[in-house]
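The exercises below ask you to read a structure step by step, and each task is followed by a worked solution. Please try each task with the structure in view before you read its solution.

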Amino acid sequence: MRPLWRLAAAWVIGAVAVLPLLAAAMDDDAYREAVAQLDARADKALAHCKRLATGSAAQRRCTAQAQTQHEVDAAQLQARRHPSGNNRFKALAAQVNRRYALAVEDCKTGHAGNDKDSKSAQQECLRGAKQQRAAGIQEAHQQAASEVSIFTPPKSEAERQREADLDTAIRKCDSLLGDANVQCVRGLSPEARLRAISRGSGVPPAK
């Protein structure tokens, strides 16, 4: 297996192939159906992870795969729902972050010993993963910027106000703790939940 620090090019290739910027916008019914499918797929994947040995490397990697795939899918859906350079970047960045999260798990599993050599190797592996992530994020910025088209329609005043309302609802949930936060998140609209995920707010799949 090639060392992680030599796989930067593969990360970039994977990141820039997420989805076309100018994909046809989704109508409301298709969007709601897509949201439900994403949540159901994430719940199913996480349920499978819970059946693995608690705290094991396999369970950690399984959970990371399920959670980050949901984040990638959500970002892609947002980019289809509201095509823009910013949403395109978020979709690309989500893919980069997924590869990084899995690389971190691989570093921890592949160099799990407590001896000095194992710890040193793990730190070197993690540094390589961080370098790859930084390179991937930079490439995502460049890729998204290069794909911004004059044919992408500007946002209307109604669209800007709707996004502001969504952000207000997300910030309200972020300010709460414990059960209050959980109940607030459950009350968010599907669009608000996916917007929060694409922004990295850590909103979990619906339960």
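**Exercise 1. Describe the disulfide formed by C49 and C62****.**

Solution. Begin with the sulfur atoms: those of C49 and C62 lie 2.0 Å apart and form a disulfide, a term that stands for a pair of cysteine sulfur atoms within 2.5 Å. Before going further, note that this is a predicted model, in which local features need pLDDT of at least 70 and side-chain atom pairs count only at pLDDT 80 or more, while totals for chains, interfaces and linings use all residues. Residues are numbered from 1 along each chain as its sequence is written, and side-chain values use heavy atoms, with hydrogens and water left out.

Next, take the torsion about the S-S bond of C49 and C62, which is about -85 degrees, so this disulfide is left-handed. Then place the two cysteines: C49 belongs to helix 2 (residues 28-50) and C62 to helix 3 (residues 57-81), and the pair, 13 residues apart, links distant parts of the chain. Helices here are DSSP runs of H or I with at least four residues, strands are runs of E with at least two, and both are numbered from the N terminus.

Finally, consider accessibility, where buried means under 20% relative accessible area, exposed means over 50%, and partly exposed lies in between (1.4 Å probe, protein chains only). C49 has 1% relative accessibility and therefore counts as buried, and C62, at 12%, counts as buried too.

**Exercise 2. At what angle do the axes of helix 6 and helix 7 cross, and which residues make the contact****?**

Solution. Two packed helices are described by the angle between their axes and the distance between the axes. The axes are lines fitted to C-alpha atoms, for helices over the stretch in contact, and the angles run from 0 to 180 degrees between N-to-C directions. For helix 6 (residues 157-174) and helix 7 (residues 178-186), the axes come within 8 Å and cross at roughly 160 degrees. The two helices are therefore roughly antiparallel to each other, a label for angles over 145 degrees, whereas those under 35 count as roughly parallel, 65 to 115 as roughly perpendicular and the rest as oblique.

The contact, meaning heavy atoms within 4.5 Å, is made by K172, C173 and D174 of helix 6 and by N181, C184 and V185 of helix 7.

**Exercise 3. Which elements make up the protein chain****, and how do helix 3 and helix 4 pack****?**

Solution. The protein chain has 8 helices and 0 strands, and, of its 207 residues, 40% count as buried. Helix 3 and helix 4 pack at an angle of about 175 degrees with their axes 8 Å apart, and they are therefore roughly antiparallel to each other. Helix 4 also packs with helix 5, at an angle of about 170 degrees and with the axes 9 Å apart, so that helix 4 and helix 5 are likewise roughly antiparallel.
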